[in-house]
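Colleague: I am new to reading models like this one. Could we go through it in short steps?

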Amino acid sequence: MTTPAIPEGVKRCSTRKFAIWLAVVGAVLLWGVYAMFLVWYKGLNQTGMNDAYGFALWIWADLAVIALGGGAFFSGFLTYIIGKKELKNVINYAVIIGFICYSSALLILALDIGQPLRGWFIFWHANVHSMLTEVAFCLSCYFGVLTIEFIPVVLENPKLDRIPFLHHLSHNLHEVMAVFAATGVFLSFFHQGSLGGVAGVLYGRPFAFREGLLIWPWTFFLFTWSAAAVGPCFTVMVTWLTEKVTRKKLVKQEIFQLLGKISGWMLLTYMIAKIADTLYWAVVTAPSKGFALMDFYSNNPVYGIWILIAELVVCGLVPAFILISRKGRENNTMLITAMILAVIGVCINRWVMVLQVMAAPLLPFQEWYMYMPTWQEVATTILPVAYGIILISLAHRYLPVFPQEKELNPGN
Amino acid sequence: MKIDRRCFLSLVIGGAVGTTLTPVPWKLTDDIAIWTQNWPWTPTPEKGPSVYKKSVCTLCNGGCGINVRTVKGQAKTIAGQADYPVNRGSLCPMGISATQHLYGPSRIQSPMKRTGDRGQGKWEKISWAEAISTVSEKLAELRSRKKPHTVACIAESDRGTVPYLLQRFLTAYGSPNFIRTPSSFDAQEQALYLTQGKHGTIGYDLANAEFILSFGCALMDGWGTPGQMLSASADFKQKNKLVQVEPRLSDTAALASQWVAAKPGTEAALALGLAHVIVRDNLYNKDFVDNYAFGFEAWEDENGTVHQGYKSLLKQYPPKKVAGITGIDKGTIESLARKFSRAKHSVAICGRGSGMVPGGMDEALAVFALNALVGNINQPGGVTAIPEPDYWPEMQRDKTASNGMQQPRVDGAESDRFPNTRYLLNRVPEAINSAKDESPIQALLVAGGNPLYTMADTETAKKAFDKIPFIASFSTYMDETAQYADILLPNHHFLERYEDVPTPAGTPTRVIGLTRPVVETRHDTRHIGDTLINIAGSLGGFIENAFPWGNYEEFLKQTLAGQWDSLEKQGYWVDPEFMPPAWEEAFQTPSGKYEFYPSQRSNPSGKDADALPGFRQVELPGVQEKMPLTLMPYASARIAGGAVANPPFMTKTVDADVIRDGDVFVEINPKTAKEHDFSEGDAAVLKTPAGKARVRIHLFEGLMPGLVAMPVGLGHAAFSDYIAGKGANVNALLTDVTDPGSGLNAGWGSRASLVKA
Amino acid sequence: MTKQARHTKTKRYGMVIDLDRCTGCGACMVACYAENNVPFRKDESDKMLSLNWLRVFKVDNGKPFPDTEICYIPKPCMQCDGRHMEGHSPCVSVCPAVATDYDEPTGVVSQIYTRCFGCRYCMAACPYHARKFNWWDPVWPADMEKYLNPDVSARMRGVVEKCSFCYHRYQKARDSAYVEGRDEIAENEYQPACAEACPTRAITFGDLLNPEHEVYELSRSKKAFRLLEKLKTNPKVYYLTAKNWVRRKADNYLEGESPADRKPAHKAETASH
Amino acid sequence: MFPFIFEWAWDISHLVFMGALWYALSIIGAGLTYCIIKSLYDTATQEGGDNAHH
């Protein structure tokens, strides 16, 4: 069943099947929306946060989602600035995933403030010394850039493309995309970094605090680097998942491998830097504030040294080595496993830099602070996932996202 | 079609750009910002100049001078009155947060009568006229049945004009049953009477003492006048003058230069052991003991019988034996005795915890004897008797009243069995519950205190109250006892009324303080003095004649006419003539001397050993095998343990290891925890012979193993949602243990068991 | 960071709390709540949800009975001067909307409730948990709104609040000094509610830079120390104790380190007038 | 964000931060404006023209 709304030459499931799929995901979305309105109406008492956990699940979700959405800026960087033309085959999808990630992050941020109606104060009364201000500005600007990058993809829908102005707009946007992409890379570099800075500048929190360069703590660079390393992994992972769901190949394996190789080297260099940072922190920074490494990993029911090993070794070095080896990349299972591990690794890192920072006690007579999210927090955190699935489904159905789809699926 | 689309697009884009250029979006966002800053449901307090008003806090019997900041006639904040002779500017958290009770939801706002079952909380508003006629009709009816003596009145104090009016009312009406709520001063005042022959308030000159030996007094957590004690604490600390005897590392013990962790209930033995050393080593004040004391040596009565003296009693308490009893090592006892006798002004004080439980007479007498041994009676830094107020006008009463007054008291005080005890509220429940037919109390006026919360074994007390046909409460707040009454005649809040506050117990000078209205009366309440005058008026006859004043204020000004100027101006009056009498004139005992052998002590056996203050272990209720632990209540400055419950601010200050999610934590030593397999935070059921309660466990090294310490003042069931339902009431777990000679409650704790919940 | 008024000397208001005097009675906390219109809820037992500008902690030396000792540590906002003593306290530098500010003339860290939009970054930054969030709309039952202090505004749901050293009292004192034509205010003219209420007189308050103020000497005493000094937050709340074990509770020490090795608190300070 | 907001200061941090911000915003703005104007122009001139691009 082909309607003009669906791109030419590709096969899509029936409208009925698609509607059922949307309804199922939509139900989850509605649950999240309900929780979202509860939080807006009743306030943050609907969450499991408290005065020790000013930052919790949502901030983690923000950080994680932005790190994973980093695929968009890094692929854009590789495609438009370095000139890796083959990546044009995933750049559309990377942009869509980035768009979803960033819009979700903004939504969660809007939820996570006590006075949402005053949210714009962060721009209006900006404190330029605050990492969060930097995050807010770069995040919003970059979201604008992502929207600009997303528009031409939308405009390629056969129906829209028939409108001359939109047709030209799409064309002209494509023409200058490199400029936007470059601006996006610049903005991304800063907000990814500022997100790292958010925790790293907390000199009252020895678990988070890092020395650094000028005003930027090392976490600033580590966050940017890790987002660049893992963002493409997430793009590949989602593409792979989409292939599994749609039961067809959408992007050529070489592209996956190319991204894997780049990610692998990025990840490896990131891990070297991260390990060096961790060592310096454990041996110099933390002890200067009276803390031994194990003080941060003992006397509590959750945070043991396992979490450090999981982040650095299992989800850090291991995937890095798989991805840099040709054998590892050429085995699809290994490739995808490594990428999933890398994604988990960056999520652990963001968790640790938010939640464990809050959990660790500072005064010797205090205990570890424990936190349990409420269903409202969980639902609003799942909400972006549902929203993302819906947007991806729509995009995949109505837009020519994957240039190689026709070629890879002949006979449709 | 194409043109239309273009038009449409231009319109949309143009419109959007145009709107951004108008002030509309900016104005809207600005309005939103302003609105979130002025949410109508966030109150804006009214501004105005501050007016400071002096008064005296009556939330406990401490009577601290306060300075209330008011703005536009509303009380805002409360601080201690800097020059007030009792507290010298210091104030406890309860006093500071009094405004919360003034404006809070626990106030009784008008007279009410009960419509549902007792304690059910169903009330109907009535007029004052109806309230007064209901009470006076009930009282008139009892009087007409010649049963005026079946009326009883409970009050928190027996000094000052309001307690006096209550007593005067009962006397004119014909009932001897004026009952003051129990406190450790019951025992101390009786000891004062037995040793010095005087009725009065006991004063301790702690400021001038060089050495203070405190037998479990929670000086920092509510003993005596909290403001006064807190104010003196720095002095205790800096001059290293405090030694605290107590099985728990309390706030007072923490402040002391030495913490002597004696087994609970062995304080008297320790006092005797110290006395033993002092006498053995001839360290006592020979002048005082030889010339102004009686019964130190053996003596012969008029019948020629030779009686044992205090000195020979002490022989039974050598340090080694006392060490065995108290768990304190011999060396500590010896050195403590030497320190006590060598310091220039040493004073020993008693009254466990915040002084809510009287304790046994042996203990009070043994501690008093220590002060006498060092001759520190009526000396700077010593013990002094402050005479009771005696400025009361004459009155006449009719025959019914005289007959009523001849009847024995319901509580057994001043009877042959307990001749020296003035009030025994603790014995009232038994007197009612054991009565064969109708309750010996037919009408109860609760004019202070909150017995259904503060009495030991509150369940039994409640059963007794059930049998009283008529209960009227004058309480300002909907407390546990008011909730159990039939009719409520609410008194003004203390920030709305006049009242005099005579010398608080423990204060070494003669003072009167003036509580006065700092805010206008908020509700349809009435001063208890006025209510009494109204009731007397409606009863008529001699009773009416005994209350010739137009209102309470008139009576107050008349009574304190001599002091009124000073009271009005300064808020207090200090007796300029008061001087502790010299030893020659000080004692009004039969011997005219300080009596180490209290010859007036009730002693049915006639044995010297029972008259002299020896050590007799108080048998706590319960079987040790079933209840291997010992529950002991402890006082905390952050939890009001008395009649008036914590205001929300105070509860806010209580730590999460004292109360959490409505559960109270009991402290146990980690050793005890190990033996009973408990760890921090575990839920448990605490059982005693009187009842059980759900608690949680807090491990505390500072508590003697084998004990379970529970805070006093939690577990309220009344007042308001903000106060009720937090933890359990320790009083409900304790049982009255009758002291043989005095009838006072000597029960300092209870056997208990802890089982995992 | 606002410019200082003319003719007035720069001040660094600070507090010295003598832990050997504090008996943990809680009067300071209650006085603070009453003065600053701190709301309350039916259940306040979760201290991480309870609005309290000042909290008194109970610590013990961990020794078994009967060698146990306890000590109370009152903890208001530390009013940190920041790492380089120039006002970049942990919280001020992170607030994205300048809702919290370091007042140059007094050294007091302010909180602008109507500016705060509740991101709680400052709470994450504060190592002392001095900052509290309004998780709920404040409610004063019955007539309790009547006792609210008109000098301090009530906060709305969704904003952060904290101890301000009763800055409104400073403003009042400064205003009345101005009316009387004085440039400077006397030590006793500006005292926060807690210091005024402390019945054991354990809390002393004044200008740390003014040798005539009591806190000047006290903060320079050998017994003086601050909480978590190693973090270099430079608090203006000092504590006094003669007990080494109490000092150990105030900061983190690696194995083999001891509070005795540390320089006196005031030496770390390099404030200039 | 604007010099007329009171917390604005003419100091190095504000200049660097806001400079970079406004710089990025201008590039985005300029790029977008260019595309829109160019597309409007293209639409007007190539009305009914062929749709081919790339």
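Colleague: Into which domains is chain B divided?

Modeller: First, the ground rules: this is a predicted model, where local features need pLDDT of at least 70, side-chain atom pairs count only at pLDDT 80 or more, and totals for chains, interfaces and linings use all residues. Residues are numbered from 1 along each chain as its sequence is written, while chains are lettered from A and ligands numbered from 1 in the order in which they are written. Domain bounds come from an automatic or database domain assignment. For chain B they give domain 1 (2-37), domain 2 (134-184 + 398-491 + 522-566), domain 3 (206-381 + 593-611) and domain 4 (629-756).

Colleague: Which two chains share the most contacts?

Modeller: Two residues are in contact if their C-beta atoms, placed from the backbone, lie within 7 Å. Five pairs of chains are in contact. Chain B and chain D are not joined by any contact, and their closest C-alpha atoms lie 10 Å apart. The most contacts are shared by chains B and C.

Colleague: Which element gives the largest share of the side of chain C that touches chain B?

Modeller: The contact takes 64 residues from chain B and 53 residues from chain C. Elements here are DSSP runs, numbered from the N terminus: helices (H or I, at least four residues) and strands (E, at least two). On chain C, α1 (27-35), β2 (55-60) and α4 (193-197) give two or more residues to that side. The largest share, seven residues, is from α1(C).

Colleague: Is B:A366 buried or exposed?

Modeller: B:A366 lies in helix α15 (residues 361-373) of chain B. A residue is buried if 20 or more other C-beta atoms lie within 10 Å of its own, exposed if 12 or fewer, and partly exposed in between, with C-beta atoms placed from the backbone. B:A366 has 30 C-beta neighbours inside 10 Å, so it counts as buried.

Colleague: Which residues have the most contacts inside the largest nonpolar core?

Modeller: A nonpolar core is a set of buried Ala, Val, Leu, Ile, Met, Phe, Trp, Tyr and Cys residues joined through C-beta atoms within 7 Å. The largest one has 483 residues. Beyond four places in sequence, B:A271 touches B:F215, B:A348, B:A366, B:V367 and B:L370. Those with the most contacts inside this core are A:I96, B:A271, B:L274 and B:V708.

Colleague: Which residue stands opposite B:V71?

Modeller: Strands β2 (residues 65-71) and β3 of chain B pair in the antiparallel sense over six bridges; pairing needs at least two bridges found by DSSP. They form a hairpin with two residues between them, and B:K72 in the turn has a positive phi of about 50 degrees. In β3(B), the residue opposite B:V71 is B:Q74.

Colleague: How many residues of strand β3 of chain B are buried?

Modeller: This strand covers residues 74-80. It is mostly covered, with a buried count of seven of its seven residues.

Colleague: Why does B:T150 count as buried?

Modeller: B:T150 sits in the loop between α5 (128-144) and β6 (151-155) of chain B. Its contacts beyond four places in sequence are B:L142, B:P440, B:I441, B:Q442 and B:A443. B:T150 counts as buried because its C-beta neighbours inside 10 Å number 25.

Colleague: What percentage of chain D counts as buried?

Modeller: Chain D has one helix and zero strands. Of its 54 residues, the buried share is 11%.
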